Amino acid sequence: MALGTDTLTAREVVAQRLRSGSGDPRGLVLQGALLLAMLVLLAVLVVLIGDILIRALPVFLDRPVDFLGSALSSRPARAGIVQGILGSVALIVIVALIALPIGIGAAVYLEEYARDTPMARLIRTNIRNLAGVPSIVYGLLGLAMFVSTLGLGKTLIAGGLTLAVLVLPIVVITTMEALRAVPGSIREAAFGVGATRWETIRSHVLPYAAPGILTGTILSLGRAFGETAPLLMVGAIAGTFTSTSVGDMLNGSYTALPTIVFDWSGKPQDEFRALTSAAIVVLLVVILLINATAILLRNRYDRKW
Amino acid sequence: MTVHTPVPTGSPAEHEPSGGPTIRVMTTPAAIDESEGIEPAASALATPPTFPPEEVVFELDGLSCFYGSFRAVRDVSLQVPRNQITALIGPSGCGKSTLLRSFNRMNDLIDGARIEGEIRYHGVDIYEAGVDPVEVRRRIGMVFQKPNPFPKSIYDNVAFGPKVAGFRGNMDQLVEESLRRAALWDDVKDKLKQPGTALSGGQQQRLCIARAIAVEPDVILMDEPCSALDPIATLRIEELMRELREKYTIVIVTHNMQQAARASDYTAFLTMGEDRAGHLVEMAPTEQLFTRPANRITEDYITGRFG
């Protein structure tokens, strides 16, 4: 074939090919479907939060301080959530005091000390399973164990212990993950200059894993803050006689924010609808703050290896 | 290249133990396959050099290393002389690093790792019951393949070892001295509070060397210390090794044969058999191993015909 004028040069061929793209129709369809899924999720969230905010608005407009600072009451116009706030905060403190040392300790043992035996693997797997056990089961456990067997009664301590047991597997798992993220080369470096196992863990592994551990444990506290079912089992009640002092709650009846939401949502008077929504808003804001703290800490101290 | 060698005592033949390691090495099927035609006399030449007892830092006696049921190193017997640089060379996966890490019980940290045979350090079997591996590692320091400074300040990187060893003297002075000996002081003297991880790769590795010598060890083990470094940083570390040799005994694993030839006094060549277990082929003064290897496999390896 002779080289005529109709022969394309390499440049022309390349240009033609590069510009002949017809797009990727199947890819576009899929992208659309994915976008739709995301929009459905977003819509649910917006409707849910929007609906609650609108219902709660009158309460916060009429008596914002009064609502947060007043005691429970059967008369909607005077009802507040002060016992719920106090009770929930006290519960979280108990959970933190109990679940964090035990959970972090167990995780350090499993990650840093325990040999990789079938037994250790079985334990690790089962801790993951424990994290998936429905919370009502922990409520039953708390009722049998803390309220009855240990004779603590339906007190704040029993509630706190129950929630601590509930979040323990989560604390263990997140701590183990944070410890695993510290590279083995760091441990070797410490051992290599003659550090003992404990010196290596105390001076290097734990400090470098601390942001991850902190993030995970704070998130688990947020989980404990929102739990309702186990608390109902072990006796958090929303009676009008619930004391407004934490000291009394330790010995007698106590309540928590989610319990109040549950109780009020079942009340016949219409006015309680708005109050329920307002209590939910308070609950959500607290959980949001807890999670935001965790995210801030993670972003601030996140380490690339 | 200057090679300072204590003269090996006597000819190798005189020192060959009955049924000695070299014979066993040579009778492995793989060794025979690959070194076809080697006379028995040649294998006798490959007996590792021996040294007067006071010059011997490590003595390996029939050492095998296992990971679970897998044997990574088979039956290595050799001596490491004092204030010399001994290089371990050989193809990838021949167990050089495993062997090196058994010198300071670093493999203890790996589940399922164990040894058979003996490693005597100044005459003491370091795997014997009652020997504290922490004390072993204090005396036998290590520099790793990838620079691994702690994500702490340069100062704290160097000071950590002495601190856990209970050092009560002038820490500032010790840190400066260690950094000077690692040829890093001039680079970092104005930024001791900055993180060690912010240094360049070569500087990080010198920081790791400073960290290792801060605890005043007797031996420094180096596991391919230059494999992550550029040629200039590599040369800098090699110069440093020559300086450090005055005070320390150095054992280095290297992939780089030029590095072994340039920087070491003695070289041990390992390869692996068909069971994938590494074994010692020969050990000799570096110049001799690279110019007059006693073994065909060694010659093939150093001339680049395999590995």
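**Figure 1. Burial and overall form of chain A in the predicted model.** Of the 305 residues in chain A, 36% are buried. The chain holds 13 helices and 0 strands, and its elements, read from the N terminus, run α-α-α-α-α-α-α-α-α-α-α-α-α. Its radius of gyration is 28 Å, well over the 19 Å that the globule rule gives for 305 residues, so chain A is more spread out than a compact globule. Along the principal axes, the C-alpha atoms of chain A fill a box of roughly 105 × 65 × 30 Å. Among contacts in chain A with a separation of 6 or more, 76% are between residues 24 or more positions apart.

**Figure 2. Confidence along chain A.** Chain A has a mean pLDDT of 89, with 96% of its residues at 70 or more. Where pLDDT is low, the predicted coordinates should not be read in detail.

**Figure 3. The contact between chain A and chain B.** Chain A contributes 17 residues to the contact and chain B contributes 20 residues. On the side of chain A that touches chain B, H8 and helix H9 (197-226) of chain A each supply at least two residues. H8(A) gives the most to this side, with 6 residues. By residue type, the side of chain A that touches chain B comprises 6 nonpolar, 6 polar and 5 charged residues.

**Figure 4. Strand S9 of chain B and its faces.** Chain B has 14 helices and 10 strands, and 48% of its 307 residues count as buried. Strand S9 (residues 266-272) of chain B is largely enclosed by the rest of the structure, because 7 of its 7 residues are buried. In a regular strand the side chains alternate between the two faces of the sheet. In S9(B), Tyr266(B), Ala268(B), Leu270(B) and Met272(B) point one way, while Thr267(B), Phe269(B) and Thr271(B) point the other way. The residues on both sides of S9(B) are all buried.

**Figure 5. Strand partners of S9(B).** Strand S3 (residues 85-89) of chain B runs parallel to S9(B) and is joined to it by 4 bridges. Within this pairing, Leu88(B) has Ala268(B) as its bridge partner. Strand S10 (residues 278-285) of chain B pairs with S9(B) in the antiparallel sense, over 7 bridges. Here the bridge partner of Thr271(B) is His279(B). S9(B) and S10(B) form a hairpin with 5 residues between them. In the turn, Arg276(B) has a positive phi of about 65 degrees.

**Figure 6. Nonpolar cores.** In soluble globular proteins, nonpolar side chains tend to be buried together. The largest nonpolar core in the model has 83 residues. Those with the most contacts inside this core are Leu88(B), Ala210(B), Ile220(B), Leu221(B), Ile250(B) and Val251(B). Helix H10 (residues 201-213) of chain B gives the most to the core, with 6 residues. Neighbours within four places in sequence aside, Leu221(B) is in contact with Leu100(B), Phe103(B), Asn104(B), Ile140(B), Gly141(B), Met142(B) and Val251(B).

Terms used: Residues are numbered from 1 along each chain as its sequence is written. Chains are lettered from A and ligands numbered from 1 in the order in which they are written. This is a predicted model: local features need pLDDT of at least 70, side-chain atom pairs count only at pLDDT 80 or more; totals for chains, interfaces and linings use all residues. A residue is buried if 20 or more other C-beta atoms lie within 10 Å of its own, exposed if 12 or fewer, and partly exposed in between; C-beta atoms are placed from the backbone. Two strands pair if DSSP finds at least two bridges between them. pLDDT is the predictor's confidence in each residue, from 0 to 100. Two residues are in contact if their C-beta atoms, placed from the backbone, lie within 7 Å. Ala, Val, Leu, Ile, Met, Phe, Trp, Tyr, Cys and Pro count as nonpolar, Asp, Glu, Lys and Arg as charged, and the others, Gly among them, as polar. A nonpolar core is a set of buried Ala, Val, Leu, Ile, Met, Phe, Trp, Tyr and Cys residues joined through C-beta atoms within 7 Å. The radius of gyration is taken over C-alpha atoms; the globule rule is 2.2 Å times the number of residues to the power 0.38.
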